[in-house]
Amino acid sequence: MGTSGPEEVAVHADPDGDEPEEWRSVMIDLSAVPLPDLVEQDGSALVRAVRRVTGDAAPGEPIAGFNSAL
Amino acid sequence: MTVQPFRLGDTAFARLGAGRPDGDTLGALRRAEHSRSLLLLREVRRQVSDTPAWYAAQLATAPEEAARWVTDPMTALWAAHCLRSGPCDPGPRGPHVLTVTRNGLPLTVRLEDTDPIRSRLGLTPAPPLAADQARRWHELLDRAWELLAGRHRPAAEVLAAVLRVIVPVLPDPVAEGISATSAEAFGAVALSAPATPDALAAGLLHETQHSILNATHLLFPLVEPDGPPGYSPWRDDPRPAFGVLHGAYAYLAVTRFRRSAPGAAAAFEFARWRGAVAEAAEALLTGGELTPAGTRFVTALRDEVTPWLDEPVDPAIQRLADLANADHRARWRLRNLAVDDADTARLVAAWDAGSEPPEITPVLVPGGGRALENSPRLPLIRAVLHGSKPGDGADAATVRGDDRAALPAYEKGRDWGGLALVSPHPALRRRPEVVRAAATALPQAPLNALAAWLS
């Protein structure tokens, strides 16, 4: 599986100034990839993305308790 | 197969932080969560050697239908559960699909009352709905959508792009319209049957913000992990920075929703939460736990709410909002902070020696657990906002703004939460837990003298 660009989350600085112009994620866009293709594939970008989504293996505490009544 | 990392322009990222994401950004967040679901399913499939039934069904399904299943919030919730608990089968989906359209904007959600995985959203699910209950949900959703699509169009467009599932849950005896969200189920909201369309609208806006923030954090980590818990204006228990950010982001949408709403109760909510959101954002920005992306995000959030602080609110209502926020902070300190034995001994020694009070660093009390707001004065404030008298007693006097009338009863009853609101002594107002520790260790010392000494 090929990817382009840096693999870390990064801010791309505007060459003419300090303002960042783009935020880049470690997550790759797999939304157009059929699941069977993913199951068969390995690759560093894929492994990093898997680590990102399974890194919080402990169940995330649901955020509960908003009382919407006035 | 070539895939690209997700990218977001800084302007779009700032709009997201301000709670005003555009359609392209929401599309990216949906694709991110789609990708996440696929990755989880990949891992679930790889858990076993034989082809599980759900995977065989996926192989036999048309691509569009397969994608619909993958992007359903319950699918990722189930897959995450399987990865923790071992191979398991997905449950059946609920039959009630509701579509409402107002001002040309459609919203389609499923009332998920069937899939057992719905219990993982943090609240106790209601049993499967009877036909009349489903009809009632449909009516409420239609009226809530009329309000949102008609008067809060940008927020409604965000909701329509994100919300896919409502899980009806049992009501909480101490809170009307309780709701919850899980990071593992993007686009799903757990809600007890709301009392009014307004409450439903507020609950949906609030919870959808959690989903959006979770998707953002998936792409761009906003907070460094493992930071210490601290004060959150929305919870009685200590919260990590990401929890505080969740509260600020969710209440940003609620504050905007109440900003233009009629009535004293809505004005109170606006006045209260604009202050809390601004304060929380400032604390996050100075707390040192945000990543660079988190700093950019929270700066945009803070910049969004700051101008609202200058908008006029009836002074009587603003006073009640300030009282509610001060009440929460004081009770939080009293519940979660204590003075350790060494500092208590230094306090006693200094008092006995007639010296200046020593520097005291209160410490977090471990194991408080999750807790929701439970102030005895809040129901009285709500009564006043709805035109009733607050009644008699010290709390009622506090709500009326009569601090002098409330003070003796609080002093007599050693009601530290009340004293923190009406005492003339700054120490009691700012650090009531320190005065409480000193008074407990020095029972013979007059309270006023102690409080004055510590101020």
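User: Which residue stands opposite Val165(B) in β4(B)?

Analyst: In this predicted model, strand β3 of chain B and strand β4 (residues 165-169) of chain B run parallel and are joined by two bridges. Within this pairing, the residue that stands opposite Val165(B) is Arg110(B).

User: What is the bridge partner of Leu98(B) in β3(B)?

Analyst: Strand β2 (residues 96-102) of chain B runs antiparallel to β3(B), and seven bridges join them. The two strands form a hairpin with two residues between them, and in its turn Asn103(B) has a positive phi of about 50°. Across this pairing, the partner of Leu98(B) is Val109(B).

User: How many of the seven residues of strand β3 of chain B are buried?

Analyst: Burial here requires under 20% relative accessible area. Strand β3 (residues 105-111) of chain B is largely enclosed by the rest of the structure, because the number of its seven residues that are buried is five.

User: Is Asp115(B) buried or exposed, and which side chain does its own side chain join in a polar contact of 3.3 Å?

Analyst: Asp115(B) lies in the loop between β3 and α6 (131-151) of chain B. Its relative accessibility is 2%, so Asp115(B) counts as buried. Not counting residues up to four places away in sequence, Asp115(B) touches Met74(B), Gly91(B), Pro92(B) and Arg93(B). The polar contact of 3.3 Å links the side chain of Asp115(B) to that of Arg93(B).

User: Which residue takes a positive phi near 90° in the hairpin of β5(B) and β6(B)?

Analyst: Strand β5 (residues 178-181) of chain B is covered on both faces, with Ile178(B) and Ala180(B) buried on one side and Ser179(B) and Thr181(B) buried on the other. β5(B) pairs in the antiparallel sense with strand β6 (residues 188-192) of chain B over two bridges, and Ala180(B) has Ala190(B) as its bridge partner. Six residues lie between the strands of this hairpin, and the residue with a positive phi near 90° is Gly187(B).

Note on methods: Residues numbered from 1 in each chain as written. Chains lettered and ligands numbered in written order. Predicted model: local features only at pLDDT ≥ 70, side-chain atom pairs only at ≥ 80, totals over all residues. Heavy atoms only, no water. Buried < 20%, exposed > 50% of the residue type's maximum accessible area, 1.4 Å probe, protein only. Helix = DSSP H or I, 4+ residues; strand = E, 2+ residues; numbered from the N terminus. Pairing = 2+ DSSP bridges. Polar contact = N/O pair within 3.5 Å; in protein donor to acceptor, adjacent residues only side chain to side chain. Contact = heavy atoms within 4.5 Å.
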